[in-house]
Number of protein chains: 2
Amino acid sequence: MRIVIALGGNALGNSPQEQLALVKKTAKAIVDIIDEGHEIIIAHGNGPQVGMINLAMEQVNMPFPECGAMSQGYIGYHLQNALKNELNERKSDRNVIALITQVEVDLKDQAFDHPTKPIGAFVSKEEAEVLSKQKGFTYIEDSGRGYRRVVASPKPIDIVEKKVIQDSIESGHIVISCGGGGIPVVNEAGKYRGVAAVIDKDFASSKLAELVDADMLCILTAVDYVSLHFNTAAQVDLKTITATRLRKHIQEGHFAKGSMLPKVEAALQFVTRKQARRAVIGNLEKALEAIKGNQGTIIINEEEEV
Amino acid sequence: MRIVIALGGNALGNSPQEQLALVKKTAKAIVDIIDEGHEIIIAHGNGPQVGMINLAMEQVNMPFPECGAMSQGYIGYHLQNALKNELNERKSDRNVIALITQVEVDLKDQAFDHPTKPIGAFVSKEEAEVLSKQKGFTYIEDSGRGYRRVVASPKPIDIVEKKVIQDSIESGHIVISCGGGGIPVVNEAGKYRGVAAVIDKDFASSKLAELVDADMLCILTAVDYVSLHFNTAAQVDLKTITATRLRKHIQEGHFAKGSMLPKVEAALQFVTRKQARRAVIGNLEKALEAIKGNQGTIIINEEEEV
């Protein structure tokens with residue numbers, strides 16, 4: 001199978017040292033899947049990392065898309081290094097390619113009217129007012145700790161490097177791309193221009209899976225299953241579920257915004273656009289079993305329902 | 001021809017805004033060469049950029065190899081974006097791939113005994129003493145302005161991602177790799193580990209050209225020619241020169257350390273290892289003419305001398 005794996009924050013770490021240790025475990029889990037003969041394309045988040053980079057680089061006025069590009073370099077290097085080392089350990093001569101990825105968004109996306117993703121340092125109300133005049137940034141009050149710049153979280157509509165990603169898969173390489181959801185760019189008459197935005201890495205992974213015509217989208221996180229009544233006595237873990245039923249559960253409000261909801265929506269989007277596609281949402285530590293269908297929540301089209 | 005182009009500091013910029021403007025000009029010069037039907041692989045420096053990143057990221061103890069990876073993301077994005085935009089402008093559907101590159105160095109390289117490349121902030125003598133005890137860093141007095149950490153500048157011996165670079169060229173893509181000379185890693189029984197070092201981008205480009213079996217190594221900089229008695233009344237620009245004569249000029253001390261000398265040595269290394277190879281050192285703004293042999297200093301093997 002051709003599988004796009006979306007790695008969440010638990011696959012990486014909060015400091016460079018922690019990340020370097022954590023990616024070794026992540027690499028083992030992924031190489032276990034590679035060993036089964038699957039084609040693997042990896043996408044990953046970058047929330048804490050791009051936050052750290054953006055904060056540190058504020059002093060040199062580094063624009064936000066460039067900070068995203070830096071996080072792709074930083075995380076891509078760690079993942080690429082750990083995967084290659086694990087492959088070498090297992091006497092495999094497969095190669096890993098981490099590529100800088102620009103992901104196209106639409107300036108008409110409603111998300112740009114209501115930016116919601118906080119980035120950068122906390123500032124006072126007065127500073128926020130000065131900065132929004134000076135730089136045109138949007139600020140909101142955040143968790144009672146002050147004001148923070150917010151950027152939009154638009155949906156990905158295309159991946160600029162899709163052809164090179166496809167060719168790298170065809171060449172037999174393990175591909176790392178769309179880091180942090182991709183560097184957000186808009187297409188202005190054939191010219192791509194970076195914009196300050198955060199693309200959800202699960203939606204980017206779903207778009208990636210669609211564009212490379214993957215058989216499976218595998219969203220790995222820190223929990224074993226998608227659950228109803230999560231974290232209550234009435235919690236019910238979902239095993240195999242059809243798109244229609246899952247949509248119903250979304251409407252019932254079972255899934256947390258910015259956490260399980262985008263994962264479920266990204267999985268649905270991928271599965272329902274074409275027959276014979278599957279998505280699985282499961283635990284990174286049980287990744288191989290999730291791919292095999294023994295673990296995690298499997299999302300299928302109605303027609304395939306058993 | 002298959003051509004490795006090494007871009008110097010004048011192809012990029014000192015601030016994000018300056019760089020974004022400058023890479024557009026660089027992209028035009030490179031696409032002019034692509035339009036002639038050549039296969040292009042681009043390597044680039046990162047001196048000012050990794051310096052800026054390392055300084056800003058000191059507060060979170062970001063290791064130096066990771067800063068190099070970030071600079072590859074940052075510069076790779078700008079170059080990739082500008083090249084794709086220029087290709088689109090010319091109605092070409094060619095694709096650009098910027099890939100994170102680890103370059104292997106040898107811990108036995110004598111450079112590690114005598115680190116010379118200053119990185120990071122200036123500190124006082126007392127701070128330098130504390131930091132070298134705490135972190136094991138080496139500090140030297142730098143240009144009368146205080147003490148700075150120095151790292152080694154070892155020679156590149158291999159490129160971990162050489163196979164993916166080769167396949168990307170074969171797929172017809174324009175490849176950006178070995179940014180900043182590559183992320184320096186050592187090979188410890190099949191496990192690559194990042195080390196704090198600066199690999200000269202000209203030597204990395206020469207190694208890259210060798211590994212992809214390029215026909216030409218093209219080192220682009222801010223001057224038109226390699227010159228004897230540079231910047232004096234007696235200045236003589238070198239047009240076509242054999243390896244033996246160029247070596248003689250090196251011994252005569254004509255070329256500045258850390259400036260023209262590594263370019264000349266990298267060119268020599270590439271040319272003399274195999275027949276029918278050429279290197280050219282010339283001006284970025286006259287890149288196409290340099291490739292055509294009408295501009296710049298062309299370095300050839302003796303046997304081919306006219």
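**Note on selected local features of the predicted model**

1. Cys178(B) is situated in the loop that joins β9 (174–176) to β10 (183–188) in chain B. The model is a predicted one, and the points below concern its local geometry and packing. Although Cys178(B) is a residue other than glycine, its phi is positive, near 55°. With a relative accessibility of 1%, Cys178(B) counts as buried, because the cut-off for a buried residue is under 20%.

2. A positive phi also occurs in chain A, at Ala189(A), where the value is about 55° although the residue is not a glycine. Ala189(A) belongs to the loop between β10 (183–188) and β11 (191–194) of chain A. Its relative accessibility is 83%, so Ala189(A) counts as exposed, the cut-off for that class being over 50%.

3. Gln49(B) is located in helix α2 of chain B, which spans residues 47–57. The residue is buried, its relative accessible area being 4%. Its side chain reaches the backbone oxygen of Gly13(B) at 3.1 Å. Leaving aside residues up to four places away in sequence, Gln49(B) touches Leu12(B), Gly13(B), Gln19(B), Tyr74(B) and Ile75(B).

4. In chain A, helix α6 (residues 201–211) packs with helix α8 (residues 260–272) at an angle of about 15°, and their axes are 8 Å apart. The helices α6(A) and α8(A) are therefore roughly parallel to each other, as angles under 35 degrees are classed in this way. Their crossing is right-handed.

5. The contact between these two helices can be listed by residue. From α6(A) come Lys201(A), Asp202(A), Phe203(A), Ser206(A), Ala209(A) and Glu210(A), which meet Pro262(A), Lys263(A), Glu265(A), Ala266(A), Gln269(A) and Phe270(A) of α8(A). By class, the residues of this contact comprise five nonpolar, two polar and five charged.

Conventions:
Residues numbered from 1 in each chain as written. Chains lettered and ligands numbered in written order. Predicted model: local features only at pLDDT ≥ 70, side-chain atom pairs only at ≥ 80, totals over all residues. Heavy atoms only, no water. Helix = DSSP H or I, 4+ residues; strand = E, 2+ residues; numbered from the N terminus. Buried < 20%, exposed > 50% of the residue type's maximum accessible area, 1.4 Å probe, protein only. Polar contact = N/O pair within 3.5 Å; in protein donor to acceptor, adjacent residues only side chain to side chain. Contact = heavy atoms within 4.5 Å. Axes fitted to C-alpha atoms, helices over the stretch in contact; angles between N-to-C directions. Parallel < 35°, antiparallel > 145°, perpendicular 65-115°, else oblique. Left-handed = near helix turned anticlockwise from the far one by under 90°. Nonpolar A, V, L, I, M, F, W, Y, C, P; charged D, E, K, R; others polar.
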